[in-house]
Structure formats: C-alpha cells, structure tokens
Amino acid sequence: MSTTALGERPPLTVADVVRILREAAPPELAEPWDSNQLICGDPDDAVRSVLLAVDPLPPVIDEAISVGVDMVITHHPLFLRGTDHVSATTGKGRSVHRLIRAGIALANAHTTWDCAAGGNADALAAAVGLTSTTVLSPSSADPALGIGRVGRLEQPTTLRALAERVAAVLPDSAPGLLVGGDPEAEVSTVAVSGGSGDSLLGAARQAGADVFLTADLRHHPATDHLADGRPYLLCGTHWATEWVGLAPLASRLEAGAAHRGRTLTTRVSKVLTDPWTLRLSTGS
Ligand SMILES: [Zn+2]
C-alpha cells in the first residue's frame, strides 16, 4: 500500500453525486409528468468530474467524452415517455451507447431544479436583478417553492431598458430576445420562468407582473394575452433561460462534495443546444 494513499478518502461515487443532486433539487418538487433521475451509469462507479448542460444531446456527449468527465448532469431528461429500446439506431440510443462505452454516467434534474430553493427560477430572477421574490406557481409538495419567480426591480425602468439588461445577461443564441409590448412603458414588477412559459401567462398576470420573461411563447397565447394588457413579454430561448441555472447547480454539487470531504470538479457546457443556428432578418 502506498503511504500517500493512507488517510485519503475514496472518490465520490455516482450514487453519492445523485444524492447531492437530490439535496439540491429535492425529488418531491417534481411535476407528476416529469423524470428526474440517474438515466444511465453504475451507482458504484467513481466520479471526480461532472459536466453540466441543459440538454443530453450529441454535442454535449461529444464534449463529455472529449474532456473525459465521469458524469454528465443535464437539466432535461433523455427519455420522458416510455421507450422499448435503446439500440443505437436512434440518436438517443446512440447517446446511451456512447456514454456507457466511455464509462460516463448521466443524470438529470428538471422540474426539481426549476422549483428548488436557489434553483433555475431563482437563478433567472437573480440574473435579472429582482428583489423580494416570491414563487410564481407554488409546488403542491412545498408551496414556499415552485416554478417561476416574481419580484421587483430596484428601480422602475422602461420595458426597452429592461429588455437590454436581460439580453446582456442571457447567453447568446441565434433567436436572441423578443419583446412584446410598448418599449417605452414603465415597468417595475417582473415574473420569470425559464423554458416554456405559455402555461404561466395567467399566473404572471395574477401576480401583478408588468413583464414576464420566459421562452417558447407561441403566436396565439402571446397575442391573446397582450390584447388584455400587462404583463408585457420578454421571450428568450429555452436553452438560454435555463442555462443560467447550471452554474448555481455546479456550485451546489461542489459544496455537497466538500461537505463530504471530497473534491468534485465541475464544468458548465457552453455548447448551444437550441435547435436554431442562424437568424436572418426577413423582407427586402
Ligand atoms: Zn426546459
């Protein structure tokens, strides 16, 4: 036995990291339709490094393999609906094969991290500079937590100035940030929810928000909503509004490892997994 190994603690395992992930993003906060769990990997395998990303898509798996991490933690699940095979004849099946061959585990925290204290919604609210935040859509498991946040800006500003601030704090992607409403209107209360926010338009209005920052807003829900007034709309991309939650999750994983007397190296993927790669202005 080497003397340097004496007193050294063994590295964390996949099971340990999943436990730390659950402490940060408690499973009881999950929406009933959702999946938040270890997707592939052996619970007994050692984990020294983790890559965090929004989507378990092939470019993220490329990155995980090329940098040699032991585990990938994504926001979105790889499988949400029942599947009867993981053969390498589909993109998802190929991803499972590549991860297993490379000895890389994959886990995710989706609505659990959306709702969690210090999770995705809090990260987005903090990025926008909101104070005195409350929950937009309370979780039935814990009404003090839930999806989305609503809070106040330190000072009232115009919709245009707020949009410029939000555009500056979100990572860039081809669609950028869309603004719905009068750019010169004064605004002070802002609701935020990363990812698809159509279903929360009513909650944002009920909360008295002047502006609702979310993503994936469709024509009819957005136009019908704006016809009845505030909140005005800021529509970022799904990826950008959820990417801001990765760095805080990385910090929580590192802190959870440190609490156990171990070191975990984390890396937040900068690989853009929005479907859109290019935006052209239309018309002549
Ligand atoms: Zn999402």
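These questions and answers walk through a predicted model.

User: What kind of model is this, and how are its residues numbered?
Analyst: The model is predicted: local features need pLDDT of at least 70, side-chain atom pairs count only at pLDDT 80 or more, and totals for chains, interfaces and linings use all residues. Side-chain values use heavy atoms, leaving out hydrogens and water, and residues are numbered from 1 along each chain as its sequence is written.

User: Which residues coordinate the zinc ion?
Analyst: Donors are N, O and S atoms within 2.8 Å of the metal (3.2 Å for Na, K and Ca); water is not among the atoms, so sites may look incomplete. Here the distances run from 2.1 to 2.3 Å.

User: Why is the arrangement around the zinc ion irregular?
Analyst: Four donors count as tetrahedral if all angles lie between 85 and 135 degrees. Four count as square planar, and six as octahedral, if opposite donors are over 155 degrees apart and all others between 65 and 115; anything else is irregular. The arrangement is irregular because the four donor atoms subtend angles of 57 to 134°.

User: How many residues apart are His76 and His238, and where do they lie?
Analyst: The donor spacing in sequence is H-x161-H-x3-E. Helices (H or I, at least four residues) and strands (E, at least two) are DSSP runs, numbered from the N terminus. His76 sits in the loop between β5 (71-74) and α3 (91-102), and His238 in helix α9 (residues 238-243). The pair links distant parts of the chain, 162 residues apart.

User: Are His76 and His238 buried or exposed?
Analyst: Buried means under 20% relative accessible area, exposed over 50%, partly exposed in between (1.4 Å probe, protein chains only). Both His76 and His238 are buried.

User: At what angle do the axes of α2 and α3 cross?
Analyst: Axes are lines fitted to C-alpha atoms, for helices over the stretch in contact, with angles from 0 to 180 degrees between N-to-C directions. Angles under 35 degrees count as roughly parallel, over 145 as roughly antiparallel, 65 to 115 as roughly perpendicular and the rest as oblique. The axes of α2 (residues 58-67) and α3 come within 11 Å and cross at roughly 10°. That makes the helices roughly parallel, at roughly 10°.

User: Which residues of α3 meet α2?
Analyst: Contact means heavy atoms within 4.5 Å. From α2 come Pro58, Ile61, Asp62 and Ile65. Their partners in α3 are Ser95, Arg98, Leu99 and Ala102.

User: Is Ser193 buried or exposed?
Analyst: Ser193 lies in strand β10 (residues 186-196). Not counting residues up to four places away in sequence, Ser193 touches several residues, including Leu124, Phe212 and Thr214. At a relative accessible area of 3%, Ser193 is buried.

User: How far apart in space are Gly197 and Thr214?
Analyst: Gly197 is in the loop between β10 and α7 (201-206), with a relative accessible area of 0%. Gly197 and Thr214 are 17 residues apart in sequence. C-alpha to C-alpha, the spacing is 5.4 Å.

User: Which peptide bond is cis, with omega near 0°?
Analyst: Look at Pro231, in the loop between α8 (219-227) and β12 (232-236). The cis bond runs from Arg230 to Pro231.

User: What is the phi of Ser132?
Analyst: Ser132 is found in strand β7 (residues 131-138) and is exposed at 61% relative accessibility. Phi is positive, in a residue other than glycine, and near 50°.
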